[in-house]
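User: I'm new to this one and would like to learn how to read it. Could you walk me through a few features?

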Amino acid sequence: MRIHVLVAALAGAVIGLPAGASPLETSLRPQPRPGGQAELVSVAATAAIARDGLARSLRPVLRPDDLSSGGGAVRVAASNSGFDRWIQGFRGRALAQGISPRVFDAAFQGARYNSGVIEKDRNQSEFTRQIWDYLDSAASPVRVSNGQAALRRHGRTLERIERHYGVEKEVVAAIWGLESAYGERRGDIPLIEALATLSFDGRRGAFFEKQLIAALKIIQSGDVTPRDMKGSWAGAMGHTQFIPTSYLAYAVDFTGDGKRDIWSEDPTDALASTAAYLKRFGWTKGQPWGVEVRLPRGFPHAVARRDNRKMPSQWAAEGVRDMNGKPVPDYGRASILLPAGAEGAAFMIFDNFAVIERYNQADAYVIGVGHLSDRLRGGPEIQASWPRGYKPLSFKEKQEMQRRLVRAGFPLEKIDGIIGPNTIDAIRGFQNAIGVTPDGFPSQTLLAHLRKR
């Protein structure tokens, strides 16, 4: 998730990565927190780690080949007595929700408290990347060339999926590329162990216990064995990193073999499930996710809001053009997005942007998927320059910025260091109040203005 797919991702969400032509060894899913908003400008670098399969358990994991192990009390490797007691208590809750004792005991065979999972969960918010660095990796030459090779290798399958679901094959392939490097990094952490650890930890226990119950239901359905149910530390699984609840709701058996298998070397079910998910949330074939545009001199940046939607012809009447100087065709109502403020690229975004956003709420992720899909079909790189060399706000500085915005009379629901829509609106309000460009960008300059108040 996020799928949630995240946040579902988280969650996804989906997730530091080197820029440029780095090897495709990690997922590029920015990792917002469950129930929260992803950062618009900075991207959690450990979101890459969350999907990269590099965080391995420090012990051999003994898993049954099937669910034939006998019943009785679950056998848990001795490691944390509180965790062991939690499993015994959770067993009753799981059985009350329809999980059979045989399935539960087989799934938890050898499970232990995984401190590495908690370390990754704790450290997410301390890492930031600028959107231009993120996009350098998302659509790097290596990722583009590997994606085009994947399109050739799985062309017939992806074309069948496109015909069936009405989602362009390049979009499905782009999600695949960002989530698991086209299947190369699907994650190798036992999902039951990871989700049980996060549920026991309690910080987001209700969310992860829900995912854990869903994972047990997946095992009980026969789609996968406990041994083969592996993924990221945060519970995302398979080629396109579904979280368990999203899998239960949207995964499909496109091969017709009786299993919704998103874990195997064959990516067919995972790719079809991704297309089914996008279709479910309103994908419009033939409509772009977005188009890079040039803004006219003196463009009022305060109108670049998600809720200010107009037909492209209306934007054209205000001087907004594509990068070739032509009006954008009337694909549907669109808004203007400035992901790096007034100094970076501008995009005209359509309904399909919001559909990809259901997969992961981070703007950087959505632009990454959209831009990579454009590159896979032969489109150009992003042409506008970015404010490179800019020093981003740290997580603590973002919290300080939020506190100072509140003191300046621009209320926020919470001080969490996450730059969501409410914080952007507050920034714009403050910028308007002091007479600077209201681009909503959380910069060092903005913080300096706030510190003078």
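Predicted model: local features only at pLDDT ≥ 70, side-chain atom pairs only at ≥ 80, totals over all residues.

User: How are the rings of Trp176 and Tyr182 arranged?

Analyst: For ring pairs, you look at the angle between the planes, and over 60 degrees counts as edge-to-face. The structure has 24 aromatic pairs. In one of them, the ring centres of Trp176 and Tyr182 are 5.8 Å apart with the planes at 80°, so this pair is edge-to-face. Phe207 and Phe208 make an edge-to-face pair too, because their planes are at 80°, with centres 5.0 Å apart. Both of those Phe residues are buried.

User: Which residues form an aromatic cluster?

Analyst: One cluster brings together Phe83, Trp86, Phe90, Phe104, Phe108, Tyr113 and Phe200.

User: Where does a charged end sit over a ring?

Analyst: Look at Arg280, whose charged end sits over the ring of Phe281, 5.1 Å from the centre. Lys310 does this over the ring of Trp315, at 4.7 Å from the centre.

User: What is the strand order in the open sheet?

Analyst: Its 4 strands run S4-S3-S6-S5, with antiparallel pairing. At the edges are S4 (321–322) and S5 (335–337), each pairing on one side only. S3 (residues 290–294) and S6 (residues 346–349) pair over 4 bridges, and Val293 stands opposite Ala346 in S6.

Definitions and conventions. Residues numbered from 1 in each chain as written. Heavy atoms only, no water. Pairing = 2+ DSSP bridges. Helix = DSSP H or I, 4+ residues; strand = E, 2+ residues; numbered from the N terminus. Phe/Tyr/Trp six-rings, centres within 6.5 Å; stacked < 30°, edge-to-face > 60°. Buried < 20%, exposed > 50% of the residue type's maximum accessible area, 1.4 Å probe, protein only. Lys NZ or Arg CZ within 6 Å of the ring centre and 35° of its normal.
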